[in-house]
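Here is a briefing on a protein structure. Look over the sequence and the model before reading the points.

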Number of protein chains: 2
Amino acid sequence: MTTELALIAALRALAGTPEARGLMDDAAVLEIGGEKLVLTLDTMVESVHFLPGDPPKDIAWKLVAVNASDVSAKGAEPLGCLYSHALGEESWDEAFVAGLAAASAHFRLPLLGGDTVRMPAGAPRSFSLTALGRTKGPVPSRGGAQAGDRIWVSGTIGDSGLGLSVLTGQEAEGQAAEWLATRYRRPSPDTPLGPALAPLVSAMMDISDGLLVDGQRMADASGVAMIIGADSVPLSEAFRAIAGDELPARLAAMTAGDDYCLLFTAPPQHTAQIRETAAALGCEVHAVGGVSAGTGLSVSHKGVPVPLPDQLGYQH
Amino acid sequence: MTTELALIAALRALAGTPEARGLMDDAAVLEIGGEKLVLTLDTMVESVHFLPGDPPKDIAWKLVAVNASDVSAKGAEPLGCLYSHALGEESWDEAFVAGLAAASAHFRLPLLGGDTVRMPAGAPRSFSLTALGRTKGPVPSRGGAQAGDRIWVSGTIGDSGLGLSVLTGQEAEGQAAEWLATRYRRPSPDTPLGPALAPLVSAMMDISDGLLVDGQRMADASGVAMIIGADSVPLSEAFRAIAGDELPARLAAMTAGDDYCLLFTAPPQHTAQIRETAAALGCEVHAVGGVSAGTGLSVSHKGVPVPLPDQLGYQH
């Protein structure tokens with residue numbers, strides 16, 4: 001991990017243009033002809049980001065979904081994608097491309113180009129996808145949260161993480177377990193929500209590594225203190241059916257990866273408009289805390305401060 | 001290879017938007033705010049596109065260079081890049097990033113974003129880079145060659161291929177051998193040439209897999225016949241010092257990969273302006289053949305038809 005942090009520091013030194021946003025944001029932002037182009041790249045590696053036995057359709061879906069989520073979190077409309085395919089077994093590749101087709105249509109990210117590469121025999125395969133979005137509106141960064149703002153999340157938190165536990169051994173059966181597993185395998189970020197909310201927010205990012213670790217990143221980037229109420233964090237019915245909704249379950253949800261929900265902050269006077277905007281798109285949004293002067297992230301539960309868990313989320 | 005062709009066919013079916021150019025071109029082209037954005041993605045895999053013992057600086061250089069070459073061949077000015085880094089040993093990674101920094105500065109492709117990923121132990125590493133370019137001018141395709149046009153190449157042909165032979169065992173020493181090896185390890189496409197020539201050409205692409213196979217692709221995409229004179233193909237002094245310039249050496253040059261020179265066609269009346277444009281940039285260009293009605297690629301030598309070699313270039 002130290003290696004990765006050192007490397008990222010070296011890369012940040014390289015990425016000196018304002019468009020790169022210091023590699024601190026979810027995406028790069030380029031201004032072209034009065035519009036803003038948002039660009040993001042994510043790579044998924046076999047045995048790291050997915051298991052060799054995972055259904056190829058779902059791997060492809062997720063590759064598109066995670067990038068679509070980043071584009072949405074920057075307030076941009078999807079424009080298209082390029083991707084790099086590591087060749088493997090024919091039927092596996094066919095199923096992968098079918099999943100890519102489904103996700104590309106669902107998230108309105110048409111395939112624009114890419115590369116196909118052979119891999120050495122037995123090598124784990126990796127797939128990189130670059131997604132593009134465009135907007136004429138604001139492109140919220142992670143760094144805009146202001147003291148006095150409310151903290152919001154979209155969707156429900158922790159479903160995908162619990163879905164992974166279900167898939168990898170936690171005892172659970174029935175419809176709720178299946179629903180959670182699908183949330184892990186085929187994340188479905190509400191991508192129209194990002195562009196709709198962008199004019200109302202002070203900071204926005206997607207939650208990919210866990211609400212707490214991503215919240216901490218937002219607090220750090222914004223130079224503010226953020227406090228999140230564990231009791232305010234929205235949990236799905238399926239999550240509560242299997243894990244309950246006491247504090248330990250809530251902390252597990254808040255530190256689980258792969259939510260692909262939005263985390264955003266906004267001044268209190270935008271509250272009604274935020275709720276209306278989300279409702280008009282059929283999306284859930286919930287206020288989960290507040291921003292104040294200071295630094296760092298803290299958690300409360302029913303008004304009482306709670307120690308931060310050791311691990312705030314998935315660490316790359 | 002059949003698998004890859006089937007996969008590419010499936011992907012082409014997916015890439016239905018005009019921006020994708022049917023995945024038949026070197027890059028995707030998007031119109032944004034009155035400008036054209038050119039996007040290309042290339043992936044390099046250890047033990048496939050580079051050897052585990054290759055200097056990491058050179059691998060990074062090449063990753064940027066091959067993408068810069070595609071952007072230039074579409075007539076675009078470099079804008080920036082995103083890349084995905086497969087983490088490995090710290091000193092290796094540091095050297096790689098140093099090479100990336102050098103190439104990013106040289107080819108004016110500042111780093112805008114990307115991803116770093118861990119790899120399973122012992123896995124071959126792969127690096128994907130997405131490069132962006134912009135232009136307000138025309139974006140030449142592979143498919144615009146017209147009967148009556150001249151065929152041109154920039155630079156000299158076959159240097160990199162002979163450099164690879166030198167590195168992998170062909171007996172050769174001295175300055176010429178070293179120069180050729182450098183051409184393989186650190187390709188230096190004349191990227192300012194593409195945008196300068198774009199308004200003058202009918203079709204343009206970069207030569208990456210070999211002059212003959214890429215020429216055949218241009219002939220097929222344009223629906224014309226192309227004849228290339230082996231005796232007109234420019235060879236470097238170093239190439240001739242080691243391989244001579246008889247027909248077999250010329251055919252070897254014409255079927256070798258990694259040239260990253262431009263292949264373009266243009267009406268004869270643009271000849272003087274093409275030469276002047278190249279000279280003003282300190283670049284070499286050479287007319288190497290002609291386009292006529294018909295289909296396919298053929299080769300002549302000193303006016304006499306020559307049978308096509310079995311392998312026209314590097315086949316992915």
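The model is predicted.

**Where the two chains meet**

- Chain B and chain A touch through 62 residues from chain B and 62 residues from chain A.
- About 4,900 Å² is buried between chain B and chain A, and carbon and sulfur atoms account for 73% of it.
- On the side of chain B that touches chain A, several helices and strands each supply at least two residues, among them α1 (2-14), β3 (77-86) and α3 (90-106) of chain B.
- The strands β1 (28-32), β2 (35-45), β4 (111-117) and β5 (126-135) of chain B also supply at least two residues each to that side.
- Between chain B and chain A there are 0 salt bridges, but 9 residue pairs are in polar contact across the interface.

**Two domains in chain A**

- Chain A is assigned domain 1 (2-135) and domain 2 (150-303).
- In the contact, 21 residues come from domain 1 of chain A and 17 residues from domain 2 of chain A.
- The C-alpha centres of domain 1 and domain 2 of chain A are 22 Å apart.
- Domain 1 and domain 2 of chain A bury about 1,700 Å² between them, with 52% of that area on carbon and sulfur atoms.

- The interface of domain 1 and domain 2 of chain A holds 2 salt bridges.
- A:Asp58 and A:Arg186 form a salt bridge through their side chains, at 3.0 Å from N to O.
- Polar contacts join 7 residue pairs across the interface of domain 1 and domain 2 of chain A.
- Helix α2 (residues 56-73) of chain A gives 11 residues, the largest share of the side of domain 1 that touches domain 2 of chain A.

**Cysteines**

- Over all chains, the count of disulfides is 0.
- A:Cys283 is in no disulfide, and the nearest cysteine sulfur, that of A:Cys261, is 10 Å away.
- A:Cys283 counts as buried because its relative accessibility is 12%, and buried means under 20%.

Note on methods: Residues are numbered from 1 along each chain as its sequence is written. Chains are lettered from A and ligands numbered from 1 in the order in which they are written. This is a predicted model: local features need pLDDT of at least 70, side-chain atom pairs count only at pLDDT 80 or more; totals for chains, interfaces and linings use all residues. Side-chain values use heavy atoms; hydrogens and water are left out. A disulfide is a pair of cysteine sulfur atoms within 2.5 Å. Buried means under 20% relative accessible area, exposed over 50%, partly exposed in between (1.4 Å probe, protein chains only). Domain bounds come from an automatic or database domain assignment. Contact means heavy atoms within 4.5 Å. Buried area is the accessible area (1.4 Å probe) that two parts lose on being put together, summed over both. A salt bridge is a side-chain nitrogen of Lys or Arg within 4 Å of a carboxyl oxygen of Asp or Glu. A polar contact is a pair of N or O atoms within 3.5 Å; within protein, one must be able to donate a hydrogen and the other to accept it, and residues adjacent in sequence count only if both atoms are side-chain atoms. Helices (H or I, at least four residues) and strands (E, at least two) are DSSP runs, numbered from the N terminus.
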